[in-house]
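Subject: Handover of the structure

Dear colleague,

I am passing this structure on to you, and below it I have set out what was found.

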Amino acid sequence: METILSTAGRQKIYAIDEAAEIAGVRRGSAELAKLQSFDEIAAGKVAIAVTEAATNIVKHATRGQIILRPVEQGNASGIEVIALDAGRGMANVALHMKDGVSTAGSYGVGLGAMVRLADEFDIYSHEDKGTAIYMKFWNVPEAPVSGAWQTGVVCLPLPSEEVCGDAWAVCSNPTLATVMVADGLGHGPDAARASEAAINLIGSHPELYPEAAIWESHASLRATRGAAVAVARLDTLSEELHFSGVGNIAAVIFQGGGKRQLMSHNGIVGSNMRKVQEFVLPWTSGTMLIMHSDGLGTRWSLDHYPGLEAAHPSLIAAVLYRDFCRQRDDVTVLVIREQ
C-alpha cells in the first residue's frame with residue numbers, strides 16, 4: 001500500500017506581487033530540483049516553466065502565488081507546481097494555449113511552453129474567476145504510471161509561522177484509500193507535533209477503519225495538546241465510504257450531481273473526546289471527497305466555478321484555498337477521487 005504523508009512533501013509558497021519576485025521562485029524551484037535529484041536538463045525545464053508562470057501572473061493579474069511541493073511515486077522523484085492568481089481569467093482557455101496569442105503585448109508563448117515542458121499539466125480559468133495552473137515534473141525520462149487515485153492538496157501554515165500545525169495522509173492501493181486530515185490545537189511547532197502524531201499512526205496502520213483510527217489517535221496524542229482529526233476509508237470493491245471525525249475538520253462528498261456534508265462530533269482527539277461514530281455511505285465511480293481544516297471558510301461552493309469539478313484535484317484544492325483561506329490559521333484542503 002502506498003503511503004503519502006504531508007511531512008514528506010511540505011509545500012512552500014511564494015508571493016508574486018512584482019517582477020522582482022520572479023527570481024526568488026525560480027531559485028526556489030532550482031533548489032528543490034537539486035533535492036529531488038533532477039539533472040541539469042530536467043531542472044532547467046522546471047525553472048523555465050516556473051518563470052513563465054510567475055511572469056504571466058505579473059503581466060496579467062498583477063499579483064498571485066506559486067506553490068512548490070516535492071512528490072514521490074515509486075522510484076521517481078518529482079516537483080508539483082501550482083500557480084494561482086485572482087485576475088480577470090480567460091474566456092477561451094484553448095485559444096490562449098496557442099503560441100502567439102497574448103493580451104499583454106508579448107510573444108504569447110508562456111502557456112504553450114508550460115504544456116510542452118511539464119510531464120502533467122492542467123489549467124482552470126474562467127472570466128472573473130482568475131487562473132490556476134497545475135504542473136508536475138519528474139526526474140526520470142518517462143513519467144511514472146499514475147495510480148488508481150487522483151489526489152490534490154494544499155497544506156500551508158499561518159502566514160506568520162514557519163511550521164504548519166495541520167497535517168494529512170493518504171494510504172492507498174488500487175481498490176482502497178484511507179485519508180486523514182489533522183489540525184493540531186492552535187498553531188506552530190506544538191500544533192504540528194499533535195497533527196503529525198495522528199498521521200504517523202495512520203501511516204503505520206492504514207488497515208484501521210476510521211472509528212478505530214480515531215481511538216488509536218486519541219491514545220497516541222495524549223502527550224500532545226491534541227487535534228481535530230477526520231478519517232475516511234474509500235473502498236471501490238464494496239462501494240462504501242466509511243467516515244469518522246472529531247473536531248472541526250469538514251468533509252463533503254460530491255456524487256451524481258449532488259453533495260453531502262459528513263458529520264464530525266465535538267471534541268479534541270488526545271484530550272477531551274466523548275463520542276466517536278463511524279458513518280457508512282455509498283462510494284460509486286465518479287464520487288469525489290473534499291476534506292479541509294477550519295483554516296478554510298465554509299461558505300464555498302463549486303457551483304460558482306463552472307467546470308472546476310472536472311479539473312485536477314490539485315486545482316480544486318488550490319482555487320478553494322485562494323478564495324476562501326481565512327488567513328488567520330493553518331489551512332489544509334484535500335481532494336481525492338478515482339483516477
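A residue is called buried here if its relative accessible area is under 20%, while the label exposed is kept for values over 50% and partly exposed covers what lies in between. With that in mind, helix α4, which spans residues 110-117, is mostly covered, as six of its eight residues are buried. Those buried residues of α4 are Gly 110, Leu 111, Gly 112, Ala 113, Met 114 and Leu 117.

Please bear in mind that this is a predicted model. Its mean pLDDT is 93, and 95% of the residues reach 70 or more. Some care is needed with residues 103-108, where pLDDT stays under 50 and for which the model has 13 contacts beyond four places in sequence.

Turning to the strands, six of them form an open sheet in the order β1-β8-β9-β10-β11-β14, with antiparallel pairing. The edges of this sheet are β1 (2-5) and β14, each of which pairs on one side only. From one strand to the next the twist averages 15°. Helix α5, made of residues 189-204, packs on the sheet and touches β1, β8 (166-173), β9 (176-184) and β10, and its direction makes about 165° with that of β9. Within the sheet, strand β10 (residues 227-235) and strand β11 (residues 240-246) pair in the antiparallel sense over seven bridges, and Val 231 has Ser 244 in β11 as its bridge partner.

The aromatic side chains deserve a separate look, and a search of the whole structure finds two aromatic pairs. In one of them, Trp 149 and Trp 283 are tilted, with 6.3 Å from centre to centre and 45° between the planes. This pair links distant parts of the chain, given that Trp 149 is in strand β7 (residues 149-156) and Trp 283 is in the loop between β14 (279-282) and β15 (288-292), 134 residues apart. Trp 149 counts as buried because its relative accessibility is 10%, and Trp 283 counts as buried at 1%.

The other pair consists of Phe 254 and Trp 300, also tilted, at 6.1 Å centre to centre and with 35° between the planes. Phe 254 lies in strand β12 (residues 250-255) and Trp 300 in the loop between β15 and α7 (313-324), so this pair ties together parts that are 46 residues apart in sequence. Both partners count as buried, Phe 254 at 6% relative accessibility and Trp 300 at 7%.

The charged end of Lys 129 sits over the ring of Tyr 305, at 5.0 Å from its centre, and Arg 233 lies over the face of Tyr 209, 4.0 Å from the ring centre.

Finally, what surrounds Arg 225, leaving aside residues up to four places away in sequence? Arg 225, which lies in the loop between α6 (210-220) and β10, touches Leu 185, Gly 186, His 187, Asp 190, Ala 191, Ala 194 and Ile 268. Its relative accessibility is 34%, and therefore Arg 225 counts as partly exposed. The C-alpha atoms of Arg 225 and Ser 271 are separated by 7.3 Å, although these residues are 46 residues apart along the chain.

With best regards

Technical notes:
Residues are numbered from 1 along each chain as its sequence is written. This is a predicted model: local features need pLDDT of at least 70, side-chain atom pairs count only at pLDDT 80 or more; totals for chains, interfaces and linings use all residues. Side-chain values use heavy atoms; hydrogens and water are left out. Rings of Phe, Tyr and Trp (its six-membered ring) pair if their centres lie within 6.5 Å; planes under 30 degrees apart count as stacked, over 60 as edge-to-face and the rest as tilted. Helices (H or I, at least four residues) and strands (E, at least two) are DSSP runs, numbered from the N terminus. Buried means under 20% relative accessible area, exposed over 50%, partly exposed in between (1.4 Å probe, protein chains only). A charge sits over a ring if NZ of Lys or CZ of Arg is within 6 Å of the ring centre and within 35 degrees of the ring normal. Two strands pair if DSSP finds at least two bridges between them. Axes are lines fitted to C-alpha atoms, for helices over the stretch in contact, and angles run from 0 to 180 degrees between N-to-C directions. Contact means heavy atoms within 4.5 Å. pLDDT is the predictor's confidence in each residue, from 0 to 100.
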